[in-house]
Amino acid sequence: MTIALSKAIDHGGKKITELEFDFEKLSGRDLADASKEARLMGDVTPKQDFTCEYLSAVAAKAAGVAADTILELPAADFMRVKTEVEAFLYGWALPTVGKA
């Protein structure tokens with residue numbers, strides 16, 4: 001999945017205008033590592049599932065960038081990324097129309 005950014009960002013000396021997310025490549029280890037990373041960013045909530053730090057860490061792993069890169073996106077872009085991560089993590093819980 002690709003998200004076009006409203007404003008180019010600098011990543012490793014390159015200007016990036018879109019981010020490509022490959023959520024399917026993520027493993028349970030990646031999600032556990034994202035949890036640890038969120039804790040290192042100061043997230044102390046008992047359940048991290050919906051914190052900006054955790055969702056940013058998951059997004060970063062799917063896009064191959066640093067979590068800080070995700071956190072520094074313009075707010076509108078960040079919210080689009082955050083929404084896509086939530087859909088990936090919790091889409092299995094959504095009702096499926098037309099299935100018995």
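This report describes the fold, the overall dimensions, the surface and the nonpolar core of one predicted model.

## Fold and dimensions

The chain contains 4 helices and 2 strands, and when these elements are read along the sequence they follow the pattern β-β-α-α-α-α. Of the contacts in the chain with a separation of 6 or more, 52% are made by residues 24 or more positions apart.

The radius of gyration of the chain is 14 Å, which agrees with the value near 13 Å that a compact globule of 100 residues would have. Taken along the principal axes, the box filled by the C-alpha atoms is roughly 50 × 30 × 25 Å.

## Surface and charge

Of the 100 residues in the chain, 34% are buried. The chain exposes about 6,200 Å², and carbon and sulfur atoms supply 57% of that area. Among the side chains, 12 are positive and 16 are negative, and the centres of these two sets lie 2 Å apart.

## The nonpolar core

The largest nonpolar core is made of 26 residues, and those with the most contacts inside it are Leu 19, Phe 21, Tyr 54, Ile 70, Leu 73, Val 81 and Val 85. At least two residues of this core come from each of strand S1 (2–11), strand S2 (14–20), helix H1 (28–40), helix H2 (52–63), helix H3 (67–71) and helix H4 (75–90). Helix H2 gives the largest share, with 8 residues.

How values were computed: Residues numbered from 1 in each chain as written. Predicted model: local features only at pLDDT ≥ 70, side-chain atom pairs only at ≥ 80, totals over all residues. Heavy atoms only, no water. Rg over C-alpha atoms; globule rule 2.2 N^0.38 Å. Buried < 20%, exposed > 50% of the residue type's maximum accessible area, 1.4 Å probe, protein only. Contact = heavy atoms within 4.5 Å. Areas by Shrake-Rupley, 256 points an atom, 1.4 Å probe, with all protein chains shown as cover. Lys, Arg positive; Asp, Glu negative; His and termini not counted. Charge placed at Lys NZ, Arg CZ, Asp CG, Glu CD. Core = buried A, V, L, I, M, F, W, Y, C linked by side-chain atoms within 4.5 Å.
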